[in-house]
Amino acid sequence: ISVSISSNEVRCIYEDESGLIWIGTKSGGINIYDKKQEQFEVHQPIPNVPGSLGGKKVRGICEDKNGDLWVGMYSTGVDRWDKTSEQFIHYTNFSNNVTGISMDGDGTLWVSGFGSDVDTFDYSKNIFRKSIGSGTAWMQGLYTDSKGWLWALRNDPGISVYVPSGKKFIEYAADKNDSTKLGKTVVSAIAEDNNGIIWLGAGDGLYSFNKEANIFSHYKNIPS
């Protein structure tokens, strides 16, 4: 237990169903903040101690349908926090260089990595399996919207979206000559507003995506 965070370089934040704030850092492991107690519970790797966190470089956190927290780490794979035993269970997924982790609308757990596309977790076998392709082997992260669609932020222009009802990825290719599509830059940030509009941050400005109309709108700086 600590009154300060373990690292100033924060990479991801997640609030679990109980209201605890999970903070993943670049090199300081995980900090779990209790708003009522106003203190941090720090988790870092402890050599030769089973159940401790598998790595310090945390890139993504999400909660599954069973209430367990999953932690994606760069260079050391994936850990699951078992609330019953209060221990981390380590998994070696398809790529140890995890860049994102998220749950889609059907309750499927997805993990992305550099140079390895995406994997899903098979609960019946307790292992990760290679999934259908997203269109690129290089991923920056994952995001699930209010409809349960899984957005895959690629390391090349364009974006891929997995729609659970169709069981496949839809690729939105970049085209700088079409005003209703993404430009030829990489998408690095994503969020959804209360109206279901998806907002994307890219190297050439801001985009919004209307899922009903299936078009992108582009907002960029116009020097005065």
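Mentor: The largest pocket has a volume of about 450 Å³, where a pocket is an open set of points on a 1 Å grid over the protein atoms alone, at which a 1.4 Å probe fits, with protein on both sides within 12 Å along at least five of seven lines, and where a volume is the space filled by probe spheres set on the points, which are joined across faces, edges and corners. This is a predicted model, in which local features need pLDDT of at least 70 and side-chain atom pairs count only at pLDDT 80 or more, while totals for chains, interfaces and linings use all residues. Residues are numbered from 1 along each chain as its sequence is written, and side-chain values use heavy atoms, with hydrogens and water left out.

The lining of the largest pocket comprises 22 residues, a lining residue being one with an atom within 4 Å of a point, and those closest to the centre are Ile-101, Gly-141, Leu-142, Tyr-143 and Ile-190. At least two lining residues come from each of strand E1 (10-15), strand E5 (58-63), strand E9 (98-103), strand E13 (139-144) and strand E17 (187-192), strands being DSSP runs (E, at least two residues) numbered from the N terminus. Sorted by class, this lining has 12 nonpolar, 8 polar and 2 charged residues, with Ala, Val, Leu, Ile, Met, Phe, Trp, Tyr, Cys and Pro counted as nonpolar, Asp, Glu, Lys and Arg as charged, and the others, Gly among them, as polar.

How values were computed:
Helix = DSSP H or I, 4+ residues; strand = E, 2+ residues; numbered from the N terminus.
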